[in-house]
Amino acid sequence: MGASCITVTKYFLFLFNLLFFILGAVILGFGVWILADRTSFISVLQTSYSSLQVGAYVFICVGAVTMLMGFLGCVGAIKEVRCLLGLYFSFLLLILVAQVTAGTLFYFNMGKLKQEVGSVVLSIIRNYKDSNASRVDSLQEAWDYVQAQVNCCGWVSFYNWTENAELMNRTEVTYPCSCASSGPRDARLAVQTGFCVASNSSASGNDPRRWPVHQEGCEAKVQMWLQENLAVILGVCVGVAVIELLGTLLSIYLCRHIHSEDYSKVPKY
């Protein structure tokens, strides 16, 4: 009966670590996505909240180490090597504590993140330059992408764009192209940037009430986007933490019931 339990535990631990390896790759992917994404709101978040970059590197490191520990756990379980199982348990416990700490700090700083995003977006709007007149800025592109994707304009409302001096100095009815209420529905394929002149333009001045743009600001939609995406990331981390906890329990059980130490089972490369 004891041998059967050890065999079952061994293969359960192997399956857990296989899943553990896959979820580690997912965490690593989240970190790479945060650092590499330059076309969505993530690039704006990196500017508004420097700790997001630190968090991305933490995700990458934890994901890489998680994948390594998943591999060691698989080898230790199948080969029944007590030293590998002990090493696996120690590092797994450290990773679990690190993930819980990072997740807790990230969760309790979400309020600060939301407050800082608004001021950064308003700064982008005030300093926005026409892409036809100067080089395209990555933050401008990211904000154009957000406005086109979620069909909004400005932060609180489209009137935030009246704080842009270059736009309001135009003598014709000119508006931010990405705010247009009519245009390509698939913003991923064609995101308009810079300033556009309205078809009903006249020389009477740039009156924002005549802009053919979305009236609603992006604040509510962006905050909803943040909540949805952060909830997915935190949900994945919670899932990984549960698997890690089960892995530690199974590794302890298997390590305690392996009586003979046979180092010839350690794979040689």
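This note sets out the main features of the structure in numbered points.

1. Basis of the model. The structure is a predicted model, in which local features need pLDDT of at least 70, side-chain atom pairs count only at pLDDT 80 or more, and totals for chains, interfaces and linings use all residues. Residues are numbered from 1 along each chain as its sequence is written, and side-chain values use heavy atoms, with hydrogens and water left out.

2. Overall architecture. The protein contains eight helices and two strands. Helices (H or I, at least four residues) and strands (E, at least two) are DSSP runs, numbered from the N terminus. Read from the N terminus, the order of the elements is α-α-α-α-α-α-α-β-β-α. Of the 269 residues, 42% are buried (under 20% relative accessible area, with exposed over 50% and partly exposed in between, for a 1.4 Å probe and protein chains only). Contacts (heavy atoms within 4.5 Å) between residues at least 6 apart in sequence join residues at least 24 apart in 79% of cases.

3. Helix H4. With 27 residues, H4 reaches 39 Å from its first C-alpha to its last, close to the 39 Å expected at 1.5 Å a residue. The expected span is 1.5 Å times one less than the number of residues. Buried residues in H4 include Leu84, Leu85, Tyr88, Leu92, Ile95 and Leu96, together with Gln99 and Phe106. In an α-helix there are 3.6 residues a turn, so residues three or four places apart point the same way.

4. The pairing of H4 and H8. The axes of H4 (residues 82-108) and H8 (residues 219-256) come within 9 Å and cross at roughly 155°. H4 is therefore roughly antiparallel to H8. Axes are lines fitted to C-alpha atoms, for helices over the stretch in contact, and angles run from 0 to 180 degrees between N-to-C directions; those under 35 degrees count as roughly parallel, over 145 as roughly antiparallel, 65 to 115 as roughly perpendicular and the rest as oblique. The residues of this contact divide into 18 nonpolar, five polar and three charged. Here Ala, Val, Leu, Ile, Met, Phe, Trp, Tyr, Cys and Pro count as nonpolar, Asp, Glu, Lys and Arg as charged, and the others, Gly among them, as polar.

5. Helix H6 and the residue after it. H6 (residues 138-150) has 13 residues and reaches 19 Å between its first and last C-alpha, close to the 18 Å expected at 1.5 Å a residue. Among its buried residues are Leu139, Trp143, Asp144 and Tyr145. Asn151 follows H6 and belongs to the loop between H6 and H7. The phi of Asn151 is near 55°, a positive value in a residue other than glycine. Most residues other than glycine have a negative phi. Asn151 is partly exposed, with a relative accessible area of 31%.

6. Phe158. This residue also lies in the loop between H6 and H7. Phe158 is buried, at a relative accessible area of 5%. Not counting residues up to four places away in sequence, Phe158 touches Cys153, Pro208, Trp211, Val213, His214 and Gln215. The C-alpha atoms of Phe158 and Val213 are 7.7 Å apart, although the two residues are 55 residues apart along the chain.

7. Met168. Helix H7 (residues 165-168) includes Met168, which counts as partly exposed at 26% relative accessibility. Beyond residues up to four places away in sequence, Met168 touches Trp161, Thr162, Asn206, Pro208 and Trp211. Met168 and Asp207 are 39 residues apart in sequence and 8.3 Å apart in space, C-alpha to C-alpha.
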